[in-house]
Amino acid sequence: MIFKTQNIWVDWYLISSSVKSHGAREITSWLNDDIQGADSADRVINQLHEAAKLESPPYGGYLGSGNAHHWGMFKGIVYIRCEYVEEMKVAMTYEQAVSALENYKKFLLSKRTDPANPPETFEIEYQLEGDEAADFYFNKLGGRLGYTLEERKAMAKEQKRRGKK
């Protein structure tokens with residue numbers, strides 16, 4: 001497997017000028033566009049921990065979508081893809097995803113307005129990017145994104161049941 005690492009600042013204006021790899025750009029864009037806040041990062045970390053406990057993740061490991069990205073986890077690999085830029089796909093281990101989210105949370109909670117103390121970069125790691133990431137996640141692991149019609153019906157039924165209480 002390919003192992004890549006990149007130091008980043010998570011500020012959109014810096015992404016376009018300092019991050020060159022599609023994998024690092026995808027992770028950074030996912031954090032900036034869809035995770036956005038520390039509370040959201042905590043929710044996704046908890047979601048990853050819960051999915052990791054399951055031998056057979058529900059819904060094939062699909063974990064959700066946000067403003068611009070879909071993400072899922074299957075067999076310990078987190079796959080994230082951008083809906084708008086075809087090349088921006090990344091596969092990373094569960095531990096790498098949690099680490100990126102934890103570091104992003106620290107970044108968000110730091111004071112970033114003091115010019116004497118600019119934000120620190122943090123390291124992100126991932127396994128594969130682009131079409132290699134997609135091929136590995138979908139074809140080699142058997143992962144998927146999205147819900148089947150049966151799963152959507154079951155979720156709608158469950159929501160309706162909860163609404164009646």
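## Basis of the description

Helix axes are lines fitted to C-alpha atoms over the stretch in contact, and angles run from 0 to 180 degrees between N-to-C directions. The model is predicted: local features need pLDDT of at least 70, side-chain atom pairs count only at pLDDT 80 or more, and totals for chains, interfaces and linings use all residues. Residues are numbered from 1 along each chain as its sequence is written, and side-chain values use heavy atoms, with hydrogens and water left out. Helices (H or I, at least four residues) and strands (E, at least two) are DSSP runs numbered from the N terminus.

## Helix 2 against helix 4

The axes of helix 2 (residues 22-35) and helix 4 (residues 94-109) are 11 Å apart, at an angle of about 55 degrees. The two helices are therefore oblique to each other; angles under 35 degrees count as roughly parallel, over 145 as roughly antiparallel, 65 to 115 as roughly perpendicular, and the rest as oblique.

In contact (heavy atoms within 4.5 Å) are Ile27, Trp30, Leu31, Asn32 and Ile35 of helix 2 with Ala100, Leu101 and Tyr104 of helix 4. By class, seven of these residues are nonpolar, one is polar and none is charged. Ala, Val, Leu, Ile, Met, Phe, Trp, Tyr, Cys and Pro count as nonpolar, Asp, Glu, Lys and Arg as charged, and the others, Gly among them, as polar.

## Helix 3 against helix 4

Helix 3 and helix 4 have axes that come within 9 Å and cross at roughly 165 degrees, which makes helix 3 roughly antiparallel to helix 4. Residues of helix 3 in this contact include Ala41, Val44 and Leu48, and those of helix 4 include Val98, Leu101 and Lys105. The contact divides into 12 nonpolar, one polar and three charged residues.

## The largest nonpolar core

A nonpolar core is a set of buried Ala, Val, Leu, Ile, Met, Phe, Trp, Tyr and Cys residues joined through side-chain atoms within 4.5 Å. Buried means under 20% relative accessible area, exposed over 50%, and partly exposed in between (1.4 Å probe, protein chains only). The largest core has 27 residues, of which Ile27, Trp30, Leu31, Ile35, Leu48, Met92 and Leu101 touch the most other members. Helix 4 gives the most to this core, with seven residues.

Leaving aside neighbours within four places in sequence, Ile35 contacts Trp30, Ser40, Ala41, Val44, Leu101 and Tyr104.

## Gly76

Gly76 lies in the loop between strand 3 and strand 4 and, at 30% relative accessibility, counts as partly exposed. Beyond four places in sequence, Gly76 touches Met92, Thr93 and Tyr94.
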